[in-house]
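Please view the sequence and the structure first, and then read the points below.

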Amino acid sequence: MAREELGLDPDALGSPWSAAFSSLFAFALGAIVVVLPYLFGSGRAALIVAIVLAGLALFGVGATIGTLNGRGALRCGARQLLIGAAAALLVFGIGHLIGASAGSTP
């Protein structure tokens with residue numbers, strides 16, 4: 001089906017295990033970027049550093065993907081940053097609406 005509909009050679013595709021471990025590594029790396037400031041600090045300073053690091057990581061990933069695809073790094077980085085920021089604001093807003101709070105006990 002991959003050969004007929006998509007024009008892909010199934011033998012030339014990567015290993016599913018390689019894709020799974022790559023995804024695991026990417027998600028773990030993305031998570032540690034925003035957790036790292038809290039290992040060395042707390043409060044508002046750690047929050048600001050985490051937000052800045054998350055923004056830099058989002059922009060860096062977008063710019064890298066844009067460069068690899070032959071598109072403008074600045075445009076793709078900004079796009080990734082805006083999408084990530086919108087997602088974060090949406091999740092924050094939903095949490096605020098339902099009354100969720102980090103560190104609170106039910």
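How closely do the axes of helix α3 and helix α4 come, and at what angle do they cross? The axes of α3 (residues 43-68) and α4 (residues 73-98) come within 7 Å and cross at roughly 140°. The structure is a predicted model, in which local features need pLDDT of at least 70 and side-chain atom pairs count only at pLDDT 80 or more, while totals for chains, interfaces and linings use all residues. Residues are numbered from 1 along each chain as its sequence is written, and side-chain values use heavy atoms, with hydrogens and water left out.

**Overall architecture**

- The protein has four helices and zero strands; helices (H or I, at least four residues) and strands (E, at least two) are DSSP runs, numbered from the N terminus.
- The order of elements from the N terminus on is α-α-α-α.
- Of the 106 residues of the protein, 10% count as buried, where buried means under 20% relative accessible area, exposed means over 50%, and partly exposed lies in between (1.4 Å probe, protein chains only).
- Among the contacts with a separation of 6 or more, 12% come from residues 24 or more positions apart; a contact means heavy atoms within 4.5 Å.

- Two packed helices are described by the angle between their axes and the distance between the axes.
- The axes are lines fitted to C-alpha atoms, for helices over the stretch in contact, and the angles run from 0 to 180 degrees between N-to-C directions.
- Helices α3 and α4 are therefore oblique to each other; angles under 35 degrees count as roughly parallel, over 145 as roughly antiparallel, 65 to 115 as roughly perpendicular and the rest as oblique.
- The crossing of α3 with α4 is right-handed, a term used if the near helix is turned clockwise from the far one by less than a right angle, whereas anticlockwise is left-handed.
- On the α3 side, the contact is made by Gly55, Leu58, Phe59, Gly62, Ala63, Gly66 and Thr67. On the α4 side, the residues include Ala73, Leu74, Cys76, Gly77 and Ala78.
- By class, this contact of α3 with α4 has nine nonpolar, seven polar and no charged residues. Ala, Val, Leu, Ile, Met, Phe, Trp, Tyr, Cys and Pro count as nonpolar, Asp, Glu, Lys and Arg as charged, and the others, Gly among them, as polar.

**The packing of α2 and α3**

- Helices α2 and α3 pack at an angle of about 155°, and their axes are 8 Å apart. That angle makes α2 roughly antiparallel to α3.
- The crossing of α2 and α3 is right-handed.
- Val33, Val34, Pro37 and Tyr38 in α2 meet residues of α3, among them Gly43, Ala46, Leu47 and Ala50.
- The contact of α2 with α3 comprises 11 nonpolar, one polar and no charged residues.

**Helix α3 on its own**

- The 26 residues of α3 should span 38 Å at 1.5 Å a residue, and its end C-alpha atoms are 38 Å apart, which agrees; the expected span is 1.5 Å times one less than the number of residues.
- Ala46, Ala50, Gly55, Gly62, Ala63 and Gly66 are buried in α3. Their cover includes α2 and α4.

**Helix α4 on its own**

- Cys76, Gly77, Gly84 and Gly95 are buried in α4, and the buried residues of α4 pack against α3.

- Leucine 36 is placed in helix α2 (residues 16-40) and counts as partly exposed because its relative accessibility is 37%.
- Leucine 74 lies in α4 and counts as exposed because its relative accessibility is 63%.
- The C-alpha atoms of leucine 74 and phenylalanine 59, 15 residues apart along the chain, are separated by 8.4 Å.
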